[in-house]
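Below is a short briefing on selected side-chain contacts and ring pairs. The sequence and structure come first.

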Amino acid sequence: MTSVLGNKTDESTPFFHGHVFENSPPGSRVNGLSIPARRIDAQRWCSGSSAYLKLLGDGSDDFRVFAHHGRGHVQLKTASVLDREERAEYVLDVGLCCASCASVERVVSRVASVRVDVLDTNDHEPAFRHADVKITLDDATALRSVVYKVAAEDTDSGKNAELIYYALPRNGSFYVVPKTGEVLLVDSILGLASPIKFSVFARDRGWPSRTGRHMKVEISPRQWPAAFPPSSRLLRKSRSVLEPSEPVSVSVSEDAAIGSVIMNLNPIRFQSASFEQLYPETESSPVTVSRESGELVISRSLDRETEPVVEITVKVLDKRGKAHIQRSLFTLI
C-alpha cells in the first residue's frame, strides 16, 4: 500500500489537483481534476473481480468519486454545499477496493492523491469594525490632515475582499480616500458652527459587487480662541497690537507640495482683514501668509531632518483697524 503524508505522496502514487466554487449545488463536478483510468491500473489489484473506488481522508464525505467510462477517466463531484470560509482546501486519497467498498478495511491500495481547492464567491458584505463616530475637530486644523480612518472587513478573499470607501452625501470639507478609508480635511472649516454629517460606505471589488451597512460620521468644528490671554512680552511695541497667545500647533507632512494651503487665518471675525508676516522674514520662511486671504502657504520644500518645527507669527488687522497677533507652530511629520 502506498503511504500518503499531507499532500505529498511517494513517487508511485499519482497526484491530481482540482477546484470547485463554494455554494455550488451538490453534484457539481470538481473542475480540472480528471484521473486517467490507466493511472489507477485496477486490474493489477483486482484481477478477475470488479474494482470499486472510495475516497479516504478528512472531509471525504463532502465528495463522491465516479468513473466516466465513456472517457476512461475518474472524476469527483460534490456531495454537499461547500463553504470556503469554513474550509478552503481538501486533501484526499482515492482508495481501490475489490468486489466491495463497504468499509475502509476493504481498500487494497491508495491509487491516487487529490487536492481540491474551494474557490471564493462574493457571498459576504463588508462590515465596519466600529460603530458610528462623532468627532470634535479644531477649526485651525491643517488642510490635508487625516482626522479619522474608517476600516471595514470582508471575509471573502481576493478581489471579493478588496474594498473601496466613499462618502455620501458629498461635502466640500472632507474627503474619504477610496483605498485607505482615511478621512481628510480638504477645505477650511474656520468659523463653521454647525457639525458636518455624512455616511461612509464600503464596497468590495467582486462581481457583482456588494456594499455593506454604512457608518455615520459627525464632525463638529471647535473654534480657536477669539481673545488672547495676557503675556509677559510683546513681539512689537505698538498700542494697536495685542500680546500673543499660545500658538496654534498643527502637524504637516514634509511631503506637502509647494503651494499647498496649510490653514487659513481668516475666520468670520476677521472678515475684510489684512495679514502681515512678522516672523520670520518672508524670504527665509518655508511658510508664508497671503496678505489678502490669510492663507498660510508652503513656499519652499519642507525637510523634517533640518527643520522639524516651523514657527510663524502674523499680525492680523481686522476691519475695525484693531490688530491681533497669531502665532502658529507647524510640526513636520
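Asparagine 122 lies in the loop between β9 (107-119) and β10 (127-128) of this predicted model. With a relative accessibility of 12%, asparagine 122 is buried, because the cut-off for that class is under 20%.

**Contacts of asparagine 122**
- The side chain of asparagine 122 forms a polar contact with the side chain of aspartate 204 at 3.1 Å.
- That side chain of asparagine 122 also reaches the backbone oxygen of proline 208, at 2.8 Å.
- Beyond four places in sequence, asparagine 122 touches several residues, including Asp156, Asn160, Gly206 and Trp207.

**Tryptophan 207**
- Tryptophan 207 is located in the loop between β17 (196-204) and β18 (215-222).
- Tryptophan 207 is exposed, at a relative accessible area of 82%.
- Leaving out residues up to four places away in sequence, tryptophan 207 touches Asn122 and Asn160.

**Aromatic pairs**
- There are four aromatic pairs in the structure.
- One of them joins phenylalanine 63 and tyrosine 90 edge-to-face, with 4.9 Å centre to centre and 85° between the planes.
- Phenylalanine 63 belongs to strand β6 (residues 63-68) and tyrosine 90 to strand β8 (residues 89-98); both residues are buried.
- Tyrosine 166 and phenylalanine 201 are stacked, because their planes are at 10°, with ring centres 5.3 Å apart.
- Tyrosine 166 is in strand β14 (residues 163-168) and phenylalanine 201 in strand β17, so this pair ties together parts 35 residues apart in sequence.

**Charges over rings**
- Lysine 77 lies over the face of phenylalanine 66, 4.9 Å from the ring centre.
- The charged end of arginine 87 sits over the ring of tyrosine 90, at 4.1 Å from its centre.

Definitions and conventions. Residues numbered from 1 in each chain as written. Predicted model: local features only at pLDDT ≥ 70, side-chain atom pairs only at ≥ 80, totals over all residues. Heavy atoms only, no water. Helix = DSSP H or I, 4+ residues; strand = E, 2+ residues; numbered from the N terminus. Buried < 20%, exposed > 50% of the residue type's maximum accessible area, 1.4 Å probe, protein only. Contact = heavy atoms within 4.5 Å. Polar contact = N/O pair within 3.5 Å; in protein donor to acceptor, adjacent residues only side chain to side chain. Phe/Tyr/Trp six-rings, centres within 6.5 Å; stacked < 30°, edge-to-face > 60°. Lys NZ or Arg CZ within 6 Å of the ring centre and 35° of its normal.
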